[in-house]
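Trainee: Could we go through this chain together? I would like to begin with its charged pairs.

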Amino acid sequence: RRKSFNTKSNKIRKVKTPGGKLAVQYLQKKPKGVMCGDCKVRLQGIPQLRPKEYSRISRREKTVTRAYGGSRCAKCVRQRIVRAFLVEEQKIVKKVLKAQGQAQKA
């Protein structure tokens, strides 16, 4: 490669060949893996690859078969479901209390 600067994308490793010569191998960047969008923890069941390599694998390997699979971790999904359920419950309770209040006035 022409670039001589010690940048993140230009890391090298010196390797001794079977012929006894020293050769240079250019290293690829290490993949970080997919993180949960809420709690920033690494997602299980999804391979750690560089962004370009995700386009080469099938959709089945990029996701988990669950709501928000491949985007949010199981703990955060559970939290979202419980929160949505409690919000709906609160709406129902509010409606019932309002109905009881009107019944007492009448």
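**Salt bridges and surroundings**

Mentor: This is a predicted model. In it, the side chains of E88 and K91 form a salt bridge, at 3.5 Å from N to O.

Trainee: Where do E88 and K91 lie?

Mentor: Both are in helix 3, three residues apart, which is about one turn of the helix. E88 is partly exposed, at 43% relative accessibility.

Trainee: How many salt bridges does the structure hold?

Mentor: It holds three. One of them joins the side chains of R72 and D38, at 3.1 Å from N to O. R72 is in the loop between helix 2 (59–62) and helix 3 (74–105), and D38 is in the loop between strand 2 (22–26) and helix 1, so this pair ties together parts 34 residues apart in sequence.

Trainee: Is R72 buried or exposed?

Mentor: R72 counts as buried, because its relative accessibility is 19% and the cut-off for buried is under 20%. D38 is partly exposed, with a relative accessible area of 38%.

Trainee: Which salt bridge does R80 make?

Mentor: The side chain of R80 meets that of D38, at 3.2 Å from N to O. R80 is in helix 3, 42 residues from D38, and the pair links distant parts of the chain.

Trainee: Changing topic, which residues make up the largest nonpolar core?

Mentor: There are seven: C36, L43, I46, Y54, I57, C73 and C76. I57 also touches P47, L49 and K62, leaving aside residues up to four places away in sequence.

Trainee: And how confident is the prediction?

Mentor: The mean pLDDT of the chain is 93, and 100% of its residues reach 70 or more.

How values were computed. Residues are numbered from 1 along each chain as its sequence is written. This is a predicted model: local features need pLDDT of at least 70, side-chain atom pairs count only at pLDDT 80 or more; totals for chains, interfaces and linings use all residues. Side-chain values use heavy atoms; hydrogens and water are left out. pLDDT is the predictor's confidence in each residue, from 0 to 100. A nonpolar core is a set of buried Ala, Val, Leu, Ile, Met, Phe, Trp, Tyr and Cys residues joined through side-chain atoms within 4.5 Å. Buried means under 20% relative accessible area, exposed over 50%, partly exposed in between (1.4 Å probe, protein chains only). Contact means heavy atoms within 4.5 Å. A salt bridge is a side-chain nitrogen of Lys or Arg within 4 Å of a carboxyl oxygen of Asp or Glu. Helices (H or I, at least four residues) and strands (E, at least two) are DSSP runs, numbered from the N terminus.
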